[in-house]
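Dear colleague,

Please find below the structure that I am handing over to you. My notes on it follow directly after.

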Amino acid sequence: MFDIEVVSPEAVSYSGVAEMLIARTVEGGDIAFQAGHVPFIGTLAVWSVEVIKPDGKRDVFAVHRGFVQVHGNQVTILSDVSEAAKDVDVPRAQKALENASAALAADSADPEAAAAKARAELRLRVSAVH
Amino acid sequence: MPGGKERELRRRIASVQSTKKITRAMELIAATRVVKAMQRADAARPYARRITSVIENLAASGAEVDHPLLREVDGVKRVGFIVMAGDRGLAGAYNTNPIRAAERQLMAHQSEGKEYCLFAVGKKAQAYYKFRNYRVDYSYMGFTDNPAYEDARRIADDVAKAFSEGEVDQVELIFTEFISMGTQRVSVRRFLPLENTRVMAEVGGGSAAAIASFEFEPSPEAVLESLLPRYVEARLYGALLDCAASEHSNRQRAMKSATDNAEELITKLSREMNAARQAAITTEIMEIVGGAEALGADVPADDLTAAFASMAPVDSHSLSKT
């Protein structure tokens, strides 16, 4: 067991105790942390962060940009754009996905549309897990 | 006409009284807002602290990058100034202090032959420089009393872009630091280029955490590179929140003294009004007495007594009233 905190620029948006944390770094690999992990700093990919609590329940976040720092018994997710699964606005995410897909169909090299599509997909995926 | 002055004073008192009501309301609003702004500033602190701690750890691991935001320029040609003031007035010297401080800096740099580039935050800053024919290159307004992270990001993007593209070689940040409810201080700081990571770590207090050997993914350099823009945003956001708290507490103080002044003015005017009323009554009595005496020359004494008797109730009435 270890302490987990999700910190956004505005506030500490989540804090609790976890058994395991699963995230994905920009290199594309999933990485899981448990108590006693080696000190670690990583850049997070546009992906979900899953917190598995001691009672087996899960809290899932969509993290669009951020860092993870593991030190001692404390894991910190620093992210300026993240949302908890229950806060995801599904209709809005769906609409964003449609728009991004349409933009991508028109110009398949549009990096902004591709990023928007990835974000919308992540939101929907995360809210489905919840 | 007697009583004219009294009426005018009465009108002025009424107007001061309604002004007082407004300033009092503004004082109370500012008082609640300053508490909220302070809470927001406190809530934002963990993020800034954590980012600094990550940078500390990166510095300890020896990560050095050639990031554009760290670019030190020898011959500085153009200096950027981020001036943070408010959108609204009625906040005492809150707006003028940073604006003037920035203007002094700007002139000093100008006398050294450097050019300037203004990032004006807040309507008041923009209006001041525009009125004085400075060139305002970037202006931001509409959020100073309740800034969001998004606003900080917008400013940070422009500043970082101008700096990385060589439009400016150095950036100064001028804002009002919120120290406590009673103390706010204008602070002028170098914003860009960032101190190198080692200095940041030292300023951050180099905690014991920095000694632990960290694993980095993808690499210390890559993490640092994506971290620095966030660090710039967080610092700007912190400054904006400090400014918001300072603005509200300055407004509260300004409105409190305005309310006090209004009260004082009302007391003074009421006294004046009472004196004027008394003077008017005295004049009236004198006129009546004078008139009666003038009549007295060809009026029998009994009639005069009767005239006084009929006046007496009026006199005693107005005297008791004053």
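In this predicted model, strands β1 (residues 78-84) and β2 (residues 115-121) of chain B are paired in the parallel sense, with seven bridges between them. Within chain B, B:Gly80 stands opposite B:Cys117, which belongs to β2(B).

Both strands are part of an open sheet of five strands in chain B, whose order is β3-β2-β1-β4-β5 and whose pairing is mixed. At its edges lie β3 (136-140) and β5 (184-192) of chain B, each of which pairs on one side only. With direction ignored, neighbouring strands of the sheet are turned against each other by 20° on average. Helix α4 (residues 149-164) of chain B packs on this sheet and touches β1, β2, β3, β4 (170-178) and β5 of chain B. The direction of α4(B) makes about 170° with that of β2(B).

I turn now to the contact between the chains. Chain A contributes 21 residues to the contact, and chain B contributes 24 residues. On the side of chain B that touches chain A, the elements giving two or more residues are α1 (4-60), β6 (215-217) and α6 (220-296) of chain B. The most comes from α1(B), with eight residues.

A:Phe40 has B:Glu215 in β6(B) as its bridge partner.

With kind regards

Technical notes
Residues numbered from 1 in each chain as written. Chains lettered and ligands numbered in written order. Predicted model: local features only at pLDDT ≥ 70, side-chain atom pairs only at ≥ 80, totals over all residues. Contact = placed C-beta atoms within 7 Å. Helix = DSSP H or I, 4+ residues; strand = E, 2+ residues; numbered from the N terminus. Pairing = 2+ DSSP bridges. Axes fitted to C-alpha atoms, helices over the stretch in contact; angles between N-to-C directions.
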